[in-house]
Amino acid sequence: MILLGDYNMRQSEDTSIENILGIDAWKAAGSNYRSKFTWDSFANKYHEDGFSFRARFNRCYVGGENIRVNRFGLIGNKVVEGGSTKDFLSDHYGMVIGLDVDKAS
């Protein structure tokens, strides 16, 4: 099972959600601070008029005995080439998840 998307979650909700949905892919891949925040309005000026903060709103959860996370990264977290400082693909960054899947026995 793989569930990913914009959960608009806060840090305080981590444990209760993991008990329901499974392993947090970012944590399983080593919790690299450089790929932690899927919302960073200090860097991403997509919403010019908002206040600046960082959050890990987007999450990926993995469940099942035959699936393991081997990588977690972000995509869309850089200014679009040739654009201004506010030209990002979205206000949220995308997630790139690497998985090892064993054949079912």
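Which residues form one aromatic cluster? I looked, and Trp 39, Phe 51, Phe 53 and Phe 57 do.

**Ground rules**

I am working with a predicted model, where local features need pLDDT of at least 70, side-chain atom pairs count only at pLDDT 80 or more, and totals for chains, interfaces and linings use all residues. Residues are numbered from 1 along each chain as its sequence is written, and side-chain values use heavy atoms, with hydrogens and water left out.

**Entry 1: charged pairs**

I reminded myself that side chains of opposite charge can pair when their charged atoms come close. A salt bridge here is a side-chain nitrogen of Lys or Arg within 4 Å of a carboxyl oxygen of Asp or Glu. By this rule I get nine salt bridges.

I began with Asp 14 and Arg 56, whose side chains meet in a salt bridge at 3.8 Å, N to O. Asp 14 lies in helix 1 (residues 14-21) and Arg 56 in the loop between strand 4 (54-55) and strand 5 (58-62), so this pair ties together parts that are 42 residues apart in sequence. For my notes: helices (H or I, at least four residues) and strands (E, at least two) are DSSP runs, numbered from the N terminus.

Are Asp 14 and Arg 56 buried or exposed? Both are buried. Buried means under 20% relative accessible area, exposed means over 50%, and partly exposed is in between (1.4 Å probe, protein chains only).

Next I checked Glu 18, which forms a salt bridge with Lys 27; their closest N and O atoms are 2.6 Å apart. Why does Glu 18 count as partly exposed? Because its relative accessibility is 23%. Lys 27 is partly exposed too, at 33%.

Then came Arg 59 and Asp 24, with a salt bridge of 3.6 Å, N to O. This pair links distant parts of the chain: Arg 59 is in strand 5 and Asp 24 in strand 2 (residues 23-24), 35 residues apart. I found both Arg 59 and Asp 24 buried.

**Entry 2: aromatic rings**

Rings of Phe, Tyr and Trp (its six-membered ring) pair if their centres lie within 6.5 Å; planes under 30 degrees apart count as stacked, over 60 as edge-to-face and the rest as tilted. My search of the whole structure gave seven aromatic pairs.

One of them is Tyr 7 with Tyr 61, edge-to-face, at 5.7 Å centre to centre and 85 degrees between the planes. Tyr 7 sits in the loop between strand 1 (2-6) and helix 1, and Tyr 61 in strand 5, 54 residues apart. I noted Tyr 7 as partly exposed at 30%, whereas Tyr 61 is buried at 0% relative accessibility.
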